Amino acid sequence: MQIDQSVISGLEKLARLKLTDAERSKLSGDLQSIVNMIDKLQTLDTEGVEPLIWLNENPNALRDDLVQHQLDQSEALSNAPNHDGIYFRVPKVIEH
């Protein structure tokens with residue numbers, strides 16, 4: 001795959017970026033290096049190689065997810081800078 005200006009323009013549009021010509025040139029070179037590395041990896045013979053599931057022999061020993069040390073409502077609200085006795089009050093951040 002060849003990284004050309006149409007690919008860079010498409011990425012620029014998707015990411016909603018405005019790049020300078022120097023940034024486009026650097027990005028093009030960086031992306032082409034990544035594509036070349038992936039192409040090189042695809043030439044490797046992986047026949048008979050088992051997929052890697054764990055990085056070591058022992059999978060993670062996960063603890064049970066237990067509910068512990070819960071606060072009641074008044075304790076949770078006690079340090080809130082603003083509340084109405086039931087809920088935390090926060091500034092509105094989403095407009096309709």
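Let me begin with a pair of helices: Gln5, Ile8, Leu11 and Glu12 in α1 meet Arg24, Leu27, Ser28 and Leu31 in α2, where contact means heavy atoms within 4.5 Å. Helices here are DSSP runs of H or I with at least four residues, numbered from the N terminus. Please note that this is a predicted model, in which local features need pLDDT of at least 70, side-chain atom pairs count only at pLDDT 80 or more, and totals for chains, interfaces and linings use all residues. Residues are numbered from 1 along each chain as its sequence is written, and side-chain values use heavy atoms, with hydrogens and water left out.

How do these helices cross? The axes of α1 (residues 5-14) and α2 come within 10 Å and cross at roughly 105°; axes are lines fitted to C-alpha atoms, over the stretch in contact for helices, with angles from 0 to 180 degrees between N-to-C directions. The two helices are therefore roughly perpendicular, a term covering 65 to 115 degrees.

Within α2, consider serine 28. Is this residue buried or exposed? Serine 28 is buried, at 13% relative accessible area; buried means under 20% and exposed over 50%, with a 1.4 Å probe and protein chains only. Leaving aside residues up to four places away in sequence, serine 28 touches Ile3 and Ile8.

With 76% relative accessibility, histidine 69 counts as exposed. Histidine 69 and leucine 19 are 50 residues apart in sequence, and their C-alpha atoms are 51 Å apart in space.

Notes: Parallel < 35°, antiparallel > 145°, perpendicular 65-115°, else oblique.
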